[in-house]
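These entries record what I looked up in the structure. I began with charged side chains and then turned to strand pairing.

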Amino acid sequence: SGTAVDPAVLETADDIASMEIRGAATIADAAAAALATQARHSSAETPAAFRDQLRAAAKTLYETRPTAVSLPNALRFVLRGMDGEIVPELRESTVARAETFRSDLEQAQTNLGEIGANRLRDGDVVLTHCHSTDALACIEAALEDGKSLEAIVKETRPRKQGHITARQLREWGVPVTLIVDNAARRYLDEADHVLVGADSIAADGSVINKIGTSGLAVNARERGVPVMVAAQTIKLHPDTMTGHTIEIENRDEDEVLPPEERTDVAVDSADDGLTVENPAFDVTPPRHVDAIVTEHGQFPPESIVTLMRELFGETTGEPWEV
Ligand code: RUB
């Protein structure tokens with residue numbers, strides 16, 4: 001059909017939904033790559049059919065996970081670059097635009113890392129939550145500057161992304177202390193920074209990140225440990241400038257209570273009184289965040305809206321309605 005979505009795009013969408021591909025920056029990169037694949041493989045015979053196929057692919061990718069705004073931002077950026085009078089021109093411009101997006105993303109992360117590294121001093125202990133490539137870029141740049149750092153890594157239930165963080169840090173030679181999430185407040189006494197990433201940042205400076213970030217930030221504020229959020233501007237949520245809220249993803253309850261453990265808790269097979277909830281993200285209000293580090297510099301959360309206006313103008317609407 002005219003709107004056939006390429007199998008490789010469907011596979012990327014499945015991998016994002018199942019979290020085989022995860023983390024806001026990585027999801028954005030994979031989505032841009034998938035649109036390039038759709039453009040390359042497109043069998044469209046008319047420009048209109050080509051555009052329809054690309055929009056359908058974007059919609060399929062968009063519907064995988066709702067919280068990381070880097071996904072719609074990436075789709076919108078690539079579709080806006082679709083340009084030409086004939087299919088080969090459209091194909092070429094779309095592929096080129098996706099490649100630009102992907103190299104910009106990588107460059108932004110490198111630049112952000114160098115800025116974030118300036119906040120980290122030699123000998124500092126950094127406490128992390130989840131796995132953020134933007135946050136790790138700050139640590140990597142500090143290590144490249146010759147600073148030595150240590151890390152306290154929260155496991156991050158239920159999906160244990162802390163293991164990915166711990167592994168990366170160990171590969172860089174950073175001493176790691178792995179802790180369960182419940183131990184975080186106790187270990188804040190030994191930390192010089194809380195360093196996390198973001199899936200989305202709202203116009204008021206609220207940070208949407210892995211569930212548990214907000215509690216960690218509240219405890220850090222109480223202990224006087226600064227909270228640093230590493231987030232490329234692709235994480236800024238344009239719709240929040242016009243009052244829209246950010247949807248928090250609720251994931252499958254099996255991630256919390258696997259079917260084989262259900263009988264440990266449920267009194268019978270159809271236990272209607274038992275509810276398992278699994279929100280994947282939470283909202284940290286700006287007053288609990290000390291700095292948002294982007295590729296354009298570090299910002300107090302309250303002033304992030306200025307940067308948003310500059311970068312996005314009044315962008316609203318669905319990414320495929322470009
Ligand atoms: C990942 C998560 C990460 C952000 C930032 O959640 O909350 O902190 O996405 O990551 P999930 P990055 O594992 O559910 O996708 O800096 O790599 O974009």
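I took buried to mean under 20% relative accessible area, exposed to mean over 50%, and partly exposed to mean in between (1.4 Å probe, protein chains only). I worked from a predicted model, in which local features need pLDDT of at least 70, side-chain atom pairs count only at pLDDT 80 or more, and totals for chains, interfaces and linings use all residues. Residues are numbered from 1 along each chain as its sequence is written, and side-chain values use heavy atoms, with hydrogens and water left out.

**Entry 1: salt bridges**

I counted as a salt bridge a side-chain nitrogen of Lys or Arg within 4 Å of a carboxyl oxygen of Asp or Glu. The search of the whole structure returned 17 salt bridges.

I looked up aspartate 52 and found its side chain in a salt bridge with that of arginine 55, at 3.3 Å from N to O. Both residues belong to helix α3 (residues 47-62) and are three residues apart, about one turn of the helix. Aspartate 52 is partly exposed at 35% relative accessibility, and arginine 55 is partly exposed at 29%.

Next I checked aspartate 124, whose side chain forms a salt bridge with that of arginine 121 (3.3 Å, N to O). Is aspartate 124 buried or exposed? Aspartate 124 has a relative accessible area of 4%, so it counts as buried. Arginine 121, at 49%, is partly exposed.

I then examined the salt bridge between the side chains of aspartate 189 and arginine 223, at 2.5 Å from N to O. This pair links distant parts of the chain, 34 residues apart: aspartate 189 sits in the loop between α8 (184-187) and β4 (193-196), and arginine 223 in helix α9 (residues 213-223). Aspartate 189 is exposed at 56%, whereas arginine 223 is partly exposed at 30%. I also noted one network, in which salt bridges that share partners join Arg65, Arg159, Glu249, Arg251 and Glu255.

**Entry 2: an open sheet**

I traced three strands forming an open sheet in the order β5-β6-β8, with antiparallel pairing. β5 (200-201) and β8 (281-284) are the edges; each has a single partner strand, so one side of each lacks a neighbour in the sheet. I treated two strands as paired if DSSP finds at least two bridges between them. Strand β6 (residues 207-210) pairs with β8 over four bridges in the antiparallel sense. Valine 207 has threonine 284 in β8 as its bridge partner.

Technical notes. Helices (H or I, at least four residues) and strands (E, at least two) are DSSP runs, numbered from the N terminus.
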